[in-house]
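User: I would like to learn how to read the features of a protein model. Please take them one at a time, with the general idea ahead of the case.

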Amino acid sequence: MDIRSKTLLILSSMLLVVNYVETMVIPALPTIENDFSISTTLAGWITSAYMIFAAATSPLMGKLADTYGKKKMYVVAIGFYIVAVLIAGFSPNIWVLIGARAVQGVGFSMFPIAIAIVTDLFPKEKVAFAQAILSATIGIGPALGLLIGSYVVEDLGWPYAFHTAAILSLIIFVISLKYLPHIGHRVKEAVDYVGASLIGLGTVMLLIYITEGPTLGWENSENLILLLLSFMLYVVFILYERRTKEPLLRLDLFMIRNFAVANIVGLISGVGMFTVFIFLVYYAQLPQPYGLGLSTIQSGLLMSPVALGMVIFGPIFGRMMPKIGPKPLLVTGSLLTMIAYILLMTYRATSQEVLLDGFLSSLGLVAVILPLVNMVALSLPDQYRTTGMGMNTLLRTIGGGAGPVVATALMQSYQVPIIVMVNNQILVMGYAPSSTAFNYIALFGFMMMLLTLLGSMFAKNYKFSVERREKIKPLVT
C-alpha cells in the first residue's frame with residue numbers, strides 16, 4: 001500500500017470512529033437522563049457542548065496545524081479526544097460528562113486537519129476523491145452509531161459507548177504516530193491567541209443563544225445578552241484582525257471568490273441540511289398517525305440506506321469533480337435537496353416513501369459538502385489551508401446548530417393533542433408535532449437550499465486534467 005492510500009485509510013478510520021461515537025450518544029440520552037435524574041434540557045447539553053466547542057476551537061487548531069505541522073496537531077487532536085472519552089465513560093455526574101463532551105469537541109478539529117493533509121498529499125486531480133472518502137464517514141458513522149448504539153446502550157449501558165471509543169481511538173492514535181507522513185508548509189509566524197479567543201468566545205455565546213432559544217425564549221433578556229455579546233466579540237475580532245500583524249486568518253483571503261462563496265454557502269446550507277435530519281428522526285419515531293411509529297432501532301435501519309447513498313455516491317462525485325468542476329455539483333446538490341424537501345411535504349405516508357426522500361437528500365448533501373470542502377482547500381495558499389478549513393468548519397457548524405433549533409421551534413409551535421378513548425371518554429395524553437409543523441420544516445429547508453443554489457451561482461468553476469504521476473516526496477515540517 002502506497003503512502004497516499006495508507007494515509008487516507010488511517011484518517012478515514014479515525015473520522016469514522018468519531019462520527020460513529022457522536023451518533024451513538026443519541027440513543028443513550030434518555031438513559032443518561034434517568035441515571036443522573038436530570039431534565040431533558042440539561043441532557044441536551046451532552047450533544048450541544050460537543051458541537052459548540054468543535055466550532056469554537058476549529059480555527060485555532062487549524063492555525064496551530066499550519067504553524068507547527070499538520071501531523072503533530074492531528075495526533076494532538078486525537079489525544080484530546082481519547083482523554084475526553086475516557087473521562088466521559090467514567091463520569092460520576094452530569095457536569096463531568098458535559099465537560100468531557102466539550103473537550104471531545106476540541107478533538108473534532110481533526111476533521112479540517114485531515115482534509116488539509118489529503119489536499120497536500122494528493123495531486124489536484126485526485127484531491128476531490130480523497131476528500132469524498134473522508135466526507136463519506138459522515139454517512140457511515142451515524143448509520144453504525146444509530147444501529148449499534150441502540151444495542152450497546154440497551155445491553156451494556158451508555159458508558160460503553162465511550163469505552164469502545166477510547167479503545168479504538170487509542171489504537172488509531174498509535175498507528176497515526178507511526179505511519180502518518182509529515183507534510184505541508186509551516187507558517188513562520190506567531191499564533192494569534194487573542195483573535196482565536198475573540199472568535200471562539202463569540203461562537204460559544206452565539207451557539208448557546210441558539211441552543212437555549214427554544215427553552216428560555218428568543219427574547220429572554222439573559223439570552224439576548226449572549227447574542228449581543230456574541231455580536232460585539234465578532235466586531236472586535238474583525239477590527240483586531242485588521243490591525244494585528246500576524247492575524248489568525250487574513251481577512252483579505254475572503255476576497256478570494258471561491259473561499260468567500262464556500263463559507264457563505266456553507267453557513268446557509270448547514271442550516272438547510274441539518275433541518276432534514278431533525279425532520280427524519282422525529283417523524284420516523286412519532287406514533288401513528290402523527291409519524292411512522294418506528295422504534296429507535298427501526299429508525300436506524302431506515303436511515304442506513306440514506307447513509308449508503310453518501311458512501312456510494314461520495315466517491316463517484318469525487319471522481320467527477322476534476323472533470324466537471326465544483327460548480328455543477330453544487331447546483332446539482334442544491335436541486336436534489338430542494339426536490340427532497342418538496343417530497344417530504346407531499347410524499348411521506350409510509351417508511352418506503354420517507355426512505356426515498358431521505359436517500360435523495362443524502363445525495364444532495366454529499367454533492368454540496370464535497371465541492372465546498374474542495375473549494376476551500378484548493379483556493380487558499382498552502383500555509384493558510386488548515387486555518388481556512390477550520391473557519392469553514394466553524395461556519396458550517398453554526399449553520400448546523402441553527403437548523404435543528406428552527407425545526408424544534410416549529411415542532412413546538414404547531415402541535416396537536418394525542419387523544420385516546422377510555423370508557424367512552426376522550427383523554428388528552430399529550431401533544432405531538434402536527435402535519436403543519438413538518439410541512440413548515442420542509443418549506444424552511446427548501447428556502448435555505450434555494451439560497452444555497454443562488455449562492456452557488458457565484459462560484460468560480462475549475463477543472464483538472466490528469467497530471468503526470470510523480471513519486472511523492474513528503475515535506476518534513
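Predicted model: local features only at pLDDT ≥ 70, side-chain atom pairs only at ≥ 80, totals over all residues.

User: How many helices and strands does the protein have?

Analyst: The protein has 15 helices and 2 strands. Its radius of gyration is 22 Å, close to the 23 Å that the globule rule gives for 477 residues, so the protein is as compact as a globular protein of that length. Along the principal axes, the C-alpha atoms fill a box of roughly 80 × 45 × 45 Å.

User: What share of the residues counts as buried, and what does the accessible surface come to?

Analyst: Burial is read from relative accessible area, with buried meaning under 20%. Of the 477 residues, 56% count as buried. The accessible surface comes to about 20300 Å², and 67% of that belongs to carbon and sulfur atoms.

User: Among contacts between residues at least 6 apart in sequence, what percentage joins residues at least 24 apart?

Analyst: The figure is 82%.

User: Next, salt bridges. What is the general idea, and how many does a search of the whole structure find?

Analyst: Side chains of opposite charge can pair when their charged atoms come close. In this structure the search finds 4 salt bridges. One of them is between Asp-120 and Lys-70, with the closest N and O atoms 3.0 Å apart. Asp-120 lies in helix α5 (residues 110-121) and Lys-70 in helix α3 (residues 70-89), so this pair ties together parts that are 50 residues apart in sequence.

User: Are Asp-120 and Lys-70 buried or exposed?

Analyst: Both Asp-120 and Lys-70 are buried.

User: Which residue meets the side chain of Arg-385 in a salt bridge?

Analyst: Asp-120 does, at 2.3 Å from N to O. Arg-385 lies in helix α14 (residues 385-413) and Asp-120 in helix α5, so the pair ties together parts that are 265 residues apart in sequence. With a relative accessible area of 5%, Arg-385 is buried.

User: Which residues are linked in a network of salt bridges?

Analyst: The network links Asp-66, Lys-70, Asp-120 and Arg-385.

User: Which residue pairs with Arg-250 in a salt bridge?

Analyst: The side chain of Arg-250 meets that of Asp-252, with 3.0 Å from N to O. Arg-250 counts as partly exposed, at 29% relative accessibility. Asp-252 is also partly exposed, with a relative accessible area of 42%.

User: Which residues form a nonpolar patch on the surface?

Analyst: To read a patch, list its members and then check the exposure of one of them. Here the patch is formed by Ile-225, Leu-228, Leu-229, Phe-231, Met-232, Val-235 and Leu-239, with about 650 Å² of accessible area together. Val-235 is in helix α9 (residues 221-243). The relative accessible area of Val-235 is 34%, so Val-235 is partly exposed.

User: Now backbone geometry. Where is a cis peptide bond?

Analyst: The value to read is omega, which is about 5° for the peptide bond joining Gln-288 and Pro-289. Pro-289 is found in the loop between α10 and α11.

User: Where does Gly-291 lie, and what does Gly-291 touch?

Analyst: Gly-291 lies in the loop between α10 (257-285) and α11 (296-324). At 8% relative accessibility, Gly-291 counts as buried. Not counting residues up to four places away in sequence, Gly-291 touches Tyr-283 and Leu-286. The C-alpha atoms of Gly-291 and Thr-350 are 9.1 Å apart in space, and the two residues are 59 apart in sequence.

User: Which residue has a positive phi although it is not a glycine?

Analyst: Ser-37 does, with a phi of about 50°. Ser-37 is found in the loop between α1 (3-36) and α2 (40-68). With a relative accessible area of 66%, Ser-37 is exposed.

Definitions and conventions: Residues numbered from 1 in each chain as written. Heavy atoms only, no water. Helix = DSSP H or I, 4+ residues; strand = E, 2+ residues; numbered from the N terminus. Buried < 20%, exposed > 50% of the residue type's maximum accessible area, 1.4 Å probe, protein only. Patch = residues over 30% accessible without salt bridge, like charges linked within 9 Å, V, L, I, M, F, W, Y side chains within 5 Å. Areas by Shrake-Rupley, 256 points an atom, 1.4 Å probe, with all protein chains shown as cover. Contact = heavy atoms within 4.5 Å. Rg over C-alpha atoms; globule rule 2.2 N^0.38 Å.
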